[in-house]
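Visitor: Please take one part of this model and look at it closely. Then tell me what lies around it.

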Amino acid sequence: MIVVMKKDATPRQIEDVAARLRHFGFDIHLSAGVERTVIGAIGDKKPAVLENIEAMPGVERIVPILHPFKLAGREFKPEPTVVQVGDVRVGSDEFVVMAGPCAVESEEQVVETARQVKAAGARILRGGAYKPRTSPYSFQGLAEEGLKLLRLAREETGLPIVTEVLSPKDVELVAEYADILQIGARNMQNFSLLREVAVTRKPVLLKRGLANTVEEWLMAAEYILSGGNYQVMLCERGIRTFETATRNTLDLNAVPVVKELSHLPIIVDPSHGTGKRQYVPAMSRAACAAGADGLIIEVHPRPEEALSDGPQSLTPAQFSQLMQELAAVAAAVGRRMASPAPVKW
Ligand code: PEP
Ligand code: MN
């Protein structure tokens with residue numbers, strides 16, 4: 001349930017209500033909105049307890065949360081969450097583009113890509129050091145060496161880094177290097193991993209599972225939020241359907257659905273969503289028009305040589321062209337984009 005405090009409730013009254021709820025065995029999550037404070041109380045409710053709380057000074061009303069996700073829902077927090085990563089604000093009026101290679105392969109590859117995507121207006125660098133490959137014989141990523149190269153690319157460009165953490169045992173290490181921890185589609189319901197990334201308090205990009213409903217996805221986010229980490233971004237990356245013309249079916253329905261149900265920002269991944277670079281620009285523009293808060297796009301300086309996901313990676317020139325098209329779409333839907341630095345090709 002949520003306890004809505006009066007507009008003029010004092011900090012003391014809020015603390016008293018929180019203390020009483022804790023005493024009754026509830027887990028407390030505070031949301032201090034511009035207008036008023038809302039206290040999320042997670043636990044079994046007993047009617048006598050509700051009456052007791054409702055009568056306390058400063059309390060306006062008690063509202064049950066009907067959805068199974070509590071902290072991820074709009075009922076708990078009506079205003080959108082903004083996840084701050086350096087000077088980038090995901091979920092604000094800025095349309096944020098994250099870009100970079102699927103996998104970190106070498107210093108030259110990742111630094112060159114970082115420079116080029118930055119010049120085109122990307123705000124965050126992506127790159128995998130731990131890769132969840134379908135085959136154990138495929139390139140698995142450079143592990144810590146890859147994280148070091150990402151750090152170098154950040155030093156060279158100033159771009160914050162988003163990178164995947166595959167296993168609970170690697171969370172501490174990856175968190176030392178990453179600005180955003182990516183939970184991959186295959187791990188969306190790896191609950192011990194979700195609990196572990198909550199502990200770091202670092203921003204998390206939570207990808208939707210290959211065959212998961214929006215509700216299951218929001219319940220996965222709930223694991224991170226209830227662990228005390230509120231900096232969660234959702235990422236729609238396509239789901240499995242009967243369709244084989246594309247690698248996955250990019251579910252853009254999820255954008256307005258998530259916006260209605262949740263306050264968390266939503267990022268769209270048109271690279272994995274389509275699996276084919278020729279479809280990436282159209283789906284990027286569509287995602288922006290649909291109200292996504294940003295995109296994560298795979299870019300490789302020489303996609304034909306990429307060790308993973310070459311067919312869906314844009315060249316830097318294609319990416320730069322797309323960024324210009326996106327600026328027009330973003331403006332049409334009331335979002336702004338960082339102005340790209342002048343690029344020479
Ligand atoms: C990736 O971002 O390279 C990746 C493996 O994504 P997903 O988990 O969505 O398949
Ligand atoms: Mn990939």
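**A pocket and its surroundings**

Guide: The second largest pocket holds about 200 Å³ of space. It is lined by 14 residues, and those closest to its centre are L30, K77, T81, Y230 and H263. A pocket is found on a 1 Å grid over the protein atoms alone, as an open set of points with protein on both sides within 12 Å along at least five of seven lines; a cavity is a set where a 1.4 Å probe fits but cannot get out, and lining residues have an atom within 4 Å of a point. Points are joined across faces, edges and corners, and the volume is the space filled by probe spheres set on them.

The model is predicted: local features need pLDDT of at least 70 and side-chain atom pairs count only at pLDDT 80 or more, while totals for chains, interfaces and linings use all residues. Residues are numbered from 1 along each chain as its sequence is written, chains are lettered from A and ligands numbered from 1 in the order in which they are written, and side-chain values use heavy atoms, with hydrogens and water left out.

Strand 2 (residues 27–32) gives the largest share of this pocket's lining, three residues. (Strands, E, have at least two residues and helices, H or I, at least four; both are DSSP runs numbered from the N terminus.) Sorted by class, the lining has eight nonpolar, four polar and two charged residues. (Ala, Val, Leu, Ile, Met, Phe, Trp, Tyr, Cys and Pro are nonpolar; Asp, Glu, Lys and Arg are charged; the others, Gly among them, are polar.)

The lining also draws on both domains, with at least three residues from each of domain 1 (2–63) and domain 2 (83–332). These two ranges are the domain assignment of the protein chain, and such bounds come from an automatic or database assignment. Taken over C-alpha atoms, the centres of domain 1 and domain 2 are 36 Å apart.

The largest pocket can be set beside this one. It holds about 240 Å³, and 19 residues line it, with P132, R186, R247, H272 and D309 nearest its centre. Here the lining has three nonpolar, seven polar and nine charged residues.

The whole structure has one cavity of 30 Å³ or more, and the largest cavity holds about 40 Å³. Its lining is made of C102, R126, G127, G128, K131, V162, T163, E164 and Q182. Strand 9 (residues 161–164) gives the most to this lining, three residues, and the classes come to two nonpolar, four polar and three charged residues.

C102 has 4% relative accessibility, so it counts as buried (buried is under 20% relative accessible area, exposed over 50%, partly exposed in between, with a 1.4 Å probe and protein chains only). C235 is in no disulfide, and the nearest cysteine sulfur, that of C102, is 13 Å away from it. C235 is buried too, at 0%. A search of the whole structure finds zero disulfides (cysteine sulfur atoms within 2.5 Å of each other).

F191 is in helix 6 (residues 191–200) and Y223 in helix 7 (residues 214–226), so the pair ties together parts 32 residues apart in sequence. F191 is partly exposed at 30%, and Y223 is partly exposed at 27%.

Most residues other than glycine have a negative phi. A143, not a glycine, has a positive phi of about 55°; it sits in the loop between strand 8 (124–126) and helix 4 (144–157) and is partly exposed at 26%. R201 also has a positive phi, near 60°. R201 belongs to the loop between helix 6 and strand 11 (204–207), and its 44% relative accessible area makes it partly exposed. G86 lies in the loop between strand 5 (83–85) and strand 6 (88–90) and is exposed at 61%. From G86 to P301 the distance is 26 Å, C-alpha to C-alpha, across 215 residues in sequence.
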